[in-house]
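Visitor: Could you walk me through a helix packing and then a pocket in this one?
Guide: Gladly, let us look at it together.

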Amino acid sequence: MTNEPNLVLLTGGTGFIGIKMLHTLLSRSYPVRLAVRSESKSASFLSNPALASLNKDDLISFVTIPDLTVPGAFDSALEGVKYVIHVASPMPTSAASKEQSLEQQHAFYVEPAVAATLSLLESAAKTPSVKKVVITSSIIAVIRPSVLLGQESTDEVFSAASPTPDEIPPPYNEPSGLLAYVASKIAALRATDQWVATHPDKHFDIVNVYPGYVFGRNLLAEKSSDMWTSTDAMLLRIPFGIVKEGDGNPPAAAAFAHLDDVAEVHVRALDENNPAVRGYKAFAVFSNGSEGKAWNNIRDVTKEKFPQEIADGVIPNDGALETVPVNADASETEKELGFKFKHLGSMVEDVVGQFLELKNRE
Ligand SMILES: NC(=O)c1ccc[n+]([C@@H]2O[C@H](COP(=O)([O-])OP(=O)(O)OC[C@H]3O[C@@H](n4cnc5c(N)ncnc54)[C@H](OP(=O)(O)O)[C@@H]3O)[C@@H](O)[C@H]2O)c1
């Protein structure tokens, strides 16, 4: 495997986006070395139906890195690797306990996000075979937190060209962990910016990818309850009425990305023949249609896509959430990478459709 010419090291493959990334890489015949935190995680990949149907097991190998944040953690994992896709990072949907103190939230979200990124970049700098490192950042890493939280209104357009904000929340010790997560993505992006600025002679390209909220078919979901464990839950909560008007839920910013497009952008970023993906680059990824930028549009699109299920009472379609207005634009990515992003209709069809399929089987 170390002699494979296009070998990709993938972190975060056990997650919602990572497994889709793995599926996309394998379907393009990239050999992939998966970095997992424990060996026990390896077996589940080989039995995953979506991966098994590709019949590409021979392209998958594993390396166990129990702690990505340790300096030198990636050294041997990068041996013979040409491309790195670094997806792993703590998410508010993962098993973080709620109600943590500010210090605990910092230790859970911010420290590992920054340390793993720096550990990866340092190891890559020692590995001549590495040509490109693609990092899954987030559009929230370039939107000023005051705008994201609706405390500042502005006409400014946030895109891949936006600078990393100077301000990092705290205070972020609120129960959902969301602000600590925002802080982790800003801090990791800042650390990458600083690393690039201090390593002008690095021998590889670095690409940051900024997805919005990611929605799509969850390749890890085996039963309907699994659909609530990824960011798909943020979409499902509108048709299934988990958030409702007058509930006191804080308004949230919205920019929706199809999971397929998020994976596609990462994989296209590996293309050495495209000058747009060379050097230190960033690509935003979310639907550029206005329908993909407001929570309550999910209700309208669900009505259009699932009229029978609504009439039958299977989908209450009675959720509502106010949107914090933020001007965000990912159209430059479509131009530079040469494909059009999917719209909210495809996201609703895929996520609500998968949820109902799984429910019907139970
Ligand atoms: N989903 C979205 O809407 C969205 C939007 C923008 C950006 N992103 C970014 O996309 C990436 C993946 O998100 P996701 O939605 O796929 O989340 P996910 O399903 O929770 O997956 C997270 C992945 O990261 C790994 N991970 C978490 N904490 C880690 C740590 N401290 N050390 C090492 N590995 C760790 C997990 O590994 P284990 O299985 O070992 O826990 C898992 O593979 C993250 O970087 C996230 O910030 C997501």
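Visitor: At what angle do helix 9 and helix 12 pack?
Guide: In this predicted model, helix 9 (residues 297-305) and helix 12 (residues 344-360) pack at about 70°, with their axes 9 Å apart; axes are lines fitted to C-alpha atoms over the stretch in contact, with angles from 0 to 180 degrees between N-to-C directions, and helices are DSSP runs of H or I of at least four residues, numbered from the N terminus. The two are therefore roughly perpendicular, a label for angles of 65 to 115 degrees.

Visitor: Which residues make the contact?
Guide: With contact meaning heavy atoms within 4.5 Å, helix 9 uses N297, I298, V301, T302 and K305, while helix 12 uses L344, G345, V348 and E349. These divide into 4 nonpolar, 3 polar and 2 charged, where Ala, Val, Leu, Ile, Met, Phe, Trp, Tyr, Cys and Pro count as nonpolar, Asp, Glu, Lys and Arg as charged, and the others, Gly among them, as polar.

Visitor: Switching topic, how much space lies in the second largest pocket?
Guide: About 420 Å³, the volume being the space filled by probe spheres set on grid points joined across faces, edges and corners; a pocket is an open set of points on a 1 Å grid over the protein atoms alone, where a 1.4 Å probe fits, with protein on both sides within 12 Å along at least five of seven lines. Lining residues, which have an atom within 4 Å of a point, number 19, and the closest to the centre are N48, P49, L219, L220 and A221.

Visitor: Which helix gives the most to that lining?
Guide: Helix 2 does, with 4 residues, and helix 2 (40-47), helix 3 (49-52) and helix 12 each supply at least two.

Note on methods: Residues numbered from 1 in each chain as written. Predicted model: local features only at pLDDT ≥ 70, side-chain atom pairs only at ≥ 80, totals over all residues. Heavy atoms only, no water. Parallel < 35°, antiparallel > 145°, perpendicular 65-115°, else oblique.
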